[in-house]
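Here is my note on the model, point by point. Please keep the structure open while reading.

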Amino acid sequence: MSKGKNWPALIILVIIFFTVGGNILVILAVSLEKKLHNATNFFLRSLAVADLLVGVLVMPTALINILYNYSWPLPHVLCPMWIFLDVFFCTASIMHLCAISLDRYVGIRSPIKHSRTSHSTYKAMTKIAAVWTISLVISLPVPVISLQDEQKLLVNGSCVLTEPSFILVGSSVVFFLPLIIMVVCYCLTMRVLQQHLATFSTEHRNCANTKQPSPQPSLLSDGPSSHSNSPRKGVLQHLSPPLRVRECTGPRGQGKRRMAQAIKNERRASQVLGVVFFLFLVMWCPFFVTNVLIAMCQNGCSKRLLRLLDIFVWVGYVSSGVNPLIYTLFNKNYRHAFSRYLRCSYHKQANPVLSNSACQVYSVTPTPVLCERSCTDTNANGVSGFSGSNRVYKQDEMMKEGVNNFASSMDNISRV
C-alpha cells in the first residue's frame, strides 16, 4: 500500500455512505408509501432506524479507531459509550429480524385472528417498542462493567470489551438464540404456506373440472305449462344451483382464488426474507463464533485470531447496509419508491381518472337478493322456498366476508 493512501479506510467510507443512504430511503418509503403501511414494513422501518444509527454513530468511530491503529484517540469516557451503542444497535438489528420471523409465522398460522388483534398501527408499535426495550436491557451491563472496572474496556490503550462472562452470555442471547428462533419460524412458515397452497391448488383443480349444469326447475316452479318468461321462475332457477358449483363460481370460489393468490404472494415475500436471514447468518456468524473463542481462550489466543475479529466485525456492520439492496432487488414497491426519491420526487403522481357518470349510474346489476325481495313483496304469500334461498345466499355472503378477511390479512402480511 502506497504511503499516504489508506484504501481500507476509503472502502469503509463507501460502506458507511451506502448504509446511511440506503436506510434513509427505507425509512422514507415506509413512511410515505401507503402500500407499505403494514406491520411487517413497520418492523422493517424500525430495523432501518437501528441500521442507520449503526452507520451514523458506530461505524465512523470504528473507522477513527482503525486510522489510529486501534489506539483509542478519543476521551476515555467515550469508550464505554461507544461500546454500549455498538452492542445496543447491533442487538436491536438482530432482534428486529427475530421479531419479524415470529410475527409472520403467527400471522400465517392464524391469519384472521392475527389480523383482528395486530392489524392496527398501535399494536405494531407496541411490539417494536418491546424489541427496543429488550435490546436496551441486554446492552445495559456494558456501562455497569465500565463503572466497576474501567480496565475491562480499555486494555493497553485499546477500547475493547474483555469481560468473558458477558461475551459468552451476550453472544448466546443476542445471536445464537435468535438464530434458532428465526430458522425454526422460517421452516414452519414455509411448511404452513406449502400446506395452504397444496389445499387450494387441489380445490382449484376440482373446480376447474366442474361444469356448470343447465338450470333445473325448482320444486316451486310452475311446471311445463308455465310461461318461459315468468320472472318468478327465472329467479328460482338461478337461486338453486348445486352446492359444488356455487362453491366454485360464487362468492366462496372467488374468495378461495383470492386466498390462493395471497398465499403465493406470501410465499414469495417469505423467500425475500429468507435471503435477509441467510445474509444475516453469513455476516454475523463469523464474528460471534470468533468472539466466543476469544472469550474462552482469553490470554492464550493468537494475534491472528484477534485480527480476524477486527475483520469479522466489519463484515457484521455491512449487514446493516445490504437490507435496502435486497428490498430494491426483490420488491417493486420499494424499487419504485427509491427511484422516485433519488429524483427528489417524494409523492407519487396519481394518474388522471376519466369518470363517466352514465356508466356509474346505469352499470349496476341487480343481485338475486334484490329480485327475491321484489317477488316476495309483490306476492306477499310467504313462500318458504324464498326464505330458504335467502338463508343460503346469506350464508354465501357470510362465507365471502370471512374469506375476504382471510385474504386481506394474508395480503397485509405479504407486503414486504
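**Notes on loops, cores and cysteines**

1. Tyr70 sits in the loop that runs between helix H2 (39-67) and helix H3 (78-109). Helices (H or I, at least four residues) and strands (E, at least two) are DSSP runs, numbered from the N terminus. The phi of Tyr70 is near 65°, a positive value in a residue other than glycine. Tyr70 is partly exposed, at 23% relative accessible area. Buried means under 20% relative accessible area, exposed over 50%, and partly exposed in between (1.4 Å probe, protein chains only).

2. On provenance: this is a predicted model, in which local features need pLDDT of at least 70 and side-chain atom pairs count only at pLDDT 80 or more, while totals for chains, interfaces and linings use all residues. Residues are numbered from 1 along each chain as its sequence is written, and side-chain values use heavy atoms, with hydrogens and water left out.

3. Cys344 also has a positive phi, near 60°, and is not a glycine. Cys344 belongs to the loop between helix H12 (332-342) and helix H13 (357-362). Cys344 counts as exposed, with 59% relative accessibility.

4. Next, the packing. The largest nonpolar core holds 75 residues. Ile83, Phe280, Trp284, Tyr317 and Tyr334 have the most contacts inside it. H3 supplies the largest share of this core, 15 residues. Another core, of six residues, lies apart from it; Ile108, Cys185, Met190 and Leu193 are among its members. A nonpolar core here is a set of buried Ala, Val, Leu, Ile, Met, Phe, Trp, Tyr and Cys residues joined through side-chain atoms within 4.5 Å.

5. How many disulfides does a search of the whole structure find? The search finds one. A disulfide is a pair of cysteine sulfur atoms within 2.5 Å. The partners are Cys79 and Cys159, with sulfur atoms 1.9 Å apart. The pair links distant parts of the chain, 80 residues apart: Cys79 is in helix H3, and Cys159 is in strand S2 (residues 158-159). The link of Cys79 and Cys159 is right-handed, with 95° about the S-S bond. Cys79 is buried at 0% relative accessibility. Cys159 is buried too, at 6% relative accessible area.

6. Cys98 is buried, with a relative accessible area of 7%. Cys285, by contrast, is partly exposed at 25%.
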